[in-house]
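Please find below a colleague's note on the model under review.

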Amino acid sequence: MQFFIAQIMGIFSTAAAIMCVQARRAAFVLLGQFLANAFSGLSYGLLGSLSGAWICLLAALHSVLISLANRKPDRQRNRMVRLISAVFTVAYLIGSVVTYTRWTDLISAICALLFVVTVAQKEAGKMRNVMLVSMSLWVIFDIAVGAYTNIITHASTIVSILTAKLRLDRKKQTNGEEN
């Protein structure tokens, strides 16, 4: 039963992940990241992958805090983002060491560090660039731990990121805007 509930959580994560990368604004990307990571964390937890659960549930909280920081004036935002990033980098690394049981846990730790870089970006286009690398690594992790719907989540997110890069980011570059 736990296996099936985990897969259902993966389906919810897929929907949130696909939608969030299509957003023009970083705030909506972060909202989607919160939802996708919360559902993925529950899925990994139910499948017995403590490192994946730790990383994703912490990433959900991380998304919320960065979203709150983004509402501040630039100077204050930058200080808050640096502080939040430092605290979460340490938390991800400690959690990765504590929950380490096999080689795949190194992948989730790398993905966590990439997440720190992703959410620290102010523009959605830059977030998508880092997410593309992270999602590719999550696919490898998902295959190794048997998180089948999370494979679909991350593979679909890769396709959605590429679509968004063509649809949103390329359009910005041809108009001379920064992504």
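The points below treat the basis of the note, then helix packing, the nonpolar core and selected residues.

1. Basis. This is a predicted model, in which local features need pLDDT of at least 70 and side-chain atom pairs count only at pLDDT 80 or more, while totals for chains, interfaces and linings use all residues. Residues are numbered from 1 along each chain as its sequence is written, and side-chain values use heavy atoms, with hydrogens and water left out.

2. Helices α1 and α2. Helix α1 spans residues 2–20 and packs against α2 at an angle of about 165 degrees, the two axes being 8 Å apart. Helices here are DSSP runs (H or I, at least four residues), numbered from the N terminus. Axes are lines fitted to C-alpha atoms over the stretch in contact, and angles run from 0 to 180 degrees between N-to-C directions. The pair α1 and α2 is therefore roughly antiparallel, a term that applies to angles over 145 degrees. Their crossing is left-handed, that is, the near helix is turned anticlockwise from the far one by less than a right angle.

3. The contact of α1 with α2. Contact means heavy atoms within 4.5 Å. By class, the contact of α1 with α2 holds 14 nonpolar, seven polar and no charged residues. The classes are nonpolar (Ala, Val, Leu, Ile, Met, Phe, Trp, Tyr, Cys and Pro), charged (Asp, Glu, Lys and Arg) and polar (the others, Gly among them).

4. Helices α3 and α4. Helix α3 (residues 50–69) and helix α4 (residues 74–99) have axes 10 Å apart and an angle of about 170 degrees between them. That value makes α3 roughly antiparallel to α4. The residues in contact include Trp54, Leu58, His62 and Ile66 in α3, together with Arg77, Ile84, Phe88 and Tyr92 in α4. The contact of α3 with α4 divides into 15 nonpolar residues, five polar and one charged.

5. Helices α4 and α5. For α4 and α5 the packing angle is about 175 degrees, with the axes 10 Å apart. These two helices, α4 and α5, are therefore roughly antiparallel to each other. Contributors to the contact include Arg77, Val81, Tyr92 and Thr99 of α4, and Asp105, Leu113, Phe115 and Ala120 of α5. The contact of α4 with α5 has nine nonpolar, four polar and two charged residues.

6. The nonpolar core. Which residues have the most contacts inside the largest nonpolar core? They are Tyr44, Tyr92 and Trp138, in a core of 35 residues. A nonpolar core is a set of buried Ala, Val, Leu, Ile, Met, Phe, Trp, Tyr and Cys residues joined through side-chain atoms within 4.5 Å. At least two residues of this core come from each of α2 (26–46), α3, α4, α5 (104–120), α6 (124–145) and α7 (148–174). Helix α6 supplies the largest share, eight residues. Residues up to four places away in sequence aside, Trp138 touches Tyr44, Ile55, Cys56, Ser108, Cys111 and His154.

7. Asn37 lies in helix α2 and, at 10% relative accessibility, counts as buried. The classes of relative accessible area are buried (under 20%), exposed (over 50%) and partly exposed (in between), for a 1.4 Å probe and protein chains only. Not counting residues up to four places away in sequence, Asn37 touches Cys56, Leu57, Ala59, Ala60 and Phe115. Gln33 is also in helix α2 and is buried, at 6% relative accessibility. With the same exclusion of up to four places, Gln33 touches Cys20, Ser63, Phe115 and Met131. Thr118, in helix α5, is buried at 2% relative accessibility. Beyond its neighbours within four places in sequence, Thr118 is in contact with Met127, Val130 and Met131.

8. Gln22 and Ser160 are 138 residues apart in sequence, yet 7.0 Å apart in space, C-alpha to C-alpha. Residues up to four places away in sequence not being counted, Gln22 touches Ser160, Thr163, Ala164, Arg167 and Leu168. Ala155 lies in helix α7 and counts as partly exposed at 32% relative accessibility.

Methods: Parallel < 35°, antiparallel > 145°, perpendicular 65-115°, else oblique.
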